[in-house]
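New page in the notebook. I wanted to look up a few spots in this structure and jot down what turned up.

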Amino acid sequence: MVNDPTVDPAKGSWIPVPPDSPFPIQNLPYGVFVARGARPHVGVAIGNRILDLDVLAEAGLLDDLELPWGVFATGSLNPLLGLGRGMWIALRQRISDLLDFDNREIRDHWGLAEQVLIPMRDAVMLLPIEVRDYVDFYSSQQHATNLGKMFRPGSDPLLPNWLHLPVGYHGRASSVVVSGTPVVRPHGQIKIGDEQPIWEPSYALDFELEVGFITGNGNELGARIAPADAAEFIFGLVLVNDWSARDIQRWEYVPLGPFLGKSFATSISPWVVPLDAVAPYRVPGPVQDPAPLHYLRTDADWNIDLHLEVALQSETMAEQDMAPHVVSRTNFSTMYWNMAQQLAHASSNGANVRAGDLYASGTVSGDEPDSYGSLIELTWRGSRAIDLPDGSTRAFLEDGDTVVMRGWCGGDGRPRIGFGEVSGMVYPAI
């Protein structure tokens, strides 16, 4: 049982929250927004509104926390991330108290409620963090097995190292973008059969459904983080679409792994859901056999019962006001390697963790064909195209397509801890 009053399912807010809202008082995700011609501020989602933390701090309602001046007006969550878990807990508790149904501190300041509560429709969401470093893992056994069957038929689909460590690679931090940012179809070297490679736009553009976590400052260079200490450094979670050019990647990845086939764009959701908000939804993960080496062992439940879905909308569908069509539904709880193990492994050689680092899970795929988290799996390398409601089919993404990913914990009588969505439209190659 989680002993944290901020996630009490009986807790309510004086701010109206629609029953189906992804942002009840038990969630309180952080983001960076622009509204009313002001500079970017850090805010917290509650119902259909954004609580402006910079204005709240200027009004003196966060004085007891002794926060650094201007921490919510820098255009990034990084300064807050750098303050550490003790401050994260205190700030979350204070915000929860201020929004509690019986609290009148904001309402008793004449006109303050109108100043600090911004309708979401009036705000533009920005990239929530200045991404210091980006690591992408490959932690779904189902996904790794599917790709192994495609690319290494007749042999063990999992390479010898996969069951012993969280496989990953360092991605490009500069091309991490916020939801809604257009994704330009990338050029790259492509090799077909025995022909010489050519340089042209990718014809096998794909999405990858992932969940990422964001850290505060961690270990010193040369030290490491144990799985039991991971919660001290993980601030929160985001949805991730790690766009992938399969044809570029297939030719370039031997022997060092993904490069240009991945680095052109990685989209994340604008809201960072605190680790504490999903604590009631942590569940045991799959049995790991063989048992991990000692530095990767953890007795805590680190998998999360997080529902995920991917929807596609063609350009024609958008023109006809047809909603994006769901092509995959899965759950994050199936991941073989969990966040604590990923962070422990990433720092196990002494690499230092910094505020604003992003660590993505790798594609989340389930056991059934309609739970796969990428087109290369859903269409089995393009051999069985999927149908869209406008009569078109897809093996891989076409120009004008929009990919929408959503995620949430709970529902069905429990608080719905939503992640919002991460979306992006494919633009033609330049």
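Ground rules: I'm working with a predicted model, where local features need pLDDT of at least 70, side-chain atom pairs count only at pLDDT 80 or more, and totals for chains, interfaces and linings use all residues. Numbering runs from 1 along each chain as its sequence is written, and side-chain values use heavy atoms, with hydrogens and water left out.

**Serine 269.** I found serine 269 in the loop between β16 (266–268) and β17 (273–274); strands are DSSP E runs of at least two residues, and helices are H or I runs of at least four, numbered from the N terminus. Buried or exposed? Serine 269 is buried, at a relative accessible area of 0% (buried is under 20%, exposed over 50%, partly exposed in between, with a 1.4 Å probe and protein chains only). Leaving aside residues up to four places away in sequence, serine 269 touches Pro128, Ser179 and Phe419, among others (contact means heavy atoms within 4.5 Å). The side chain of serine 269 also reaches the backbone nitrogen of leucine 239, at 2.9 Å.

**Helix α9.** Next I checked α9 (residues 339–347), which is mostly covered, with 7 of its 9 residues buried. Among the buried ones are Met339, Leu343 and Ser347. The cover over them includes β6 (134–137) and β14 (234–241). I also noted that asparagine 338 caps the N-terminal end of α9, with a side-chain oxygen 3.1 Å from the backbone nitrogen of alanine 340.

**Valine 184.** Last, I looked at valine 184, which lies in strand β9 (residues 183–184) and is partly exposed, at 35%.

How values were computed: Polar contact = N/O pair within 3.5 Å; in protein donor to acceptor, adjacent residues only side chain to side chain.
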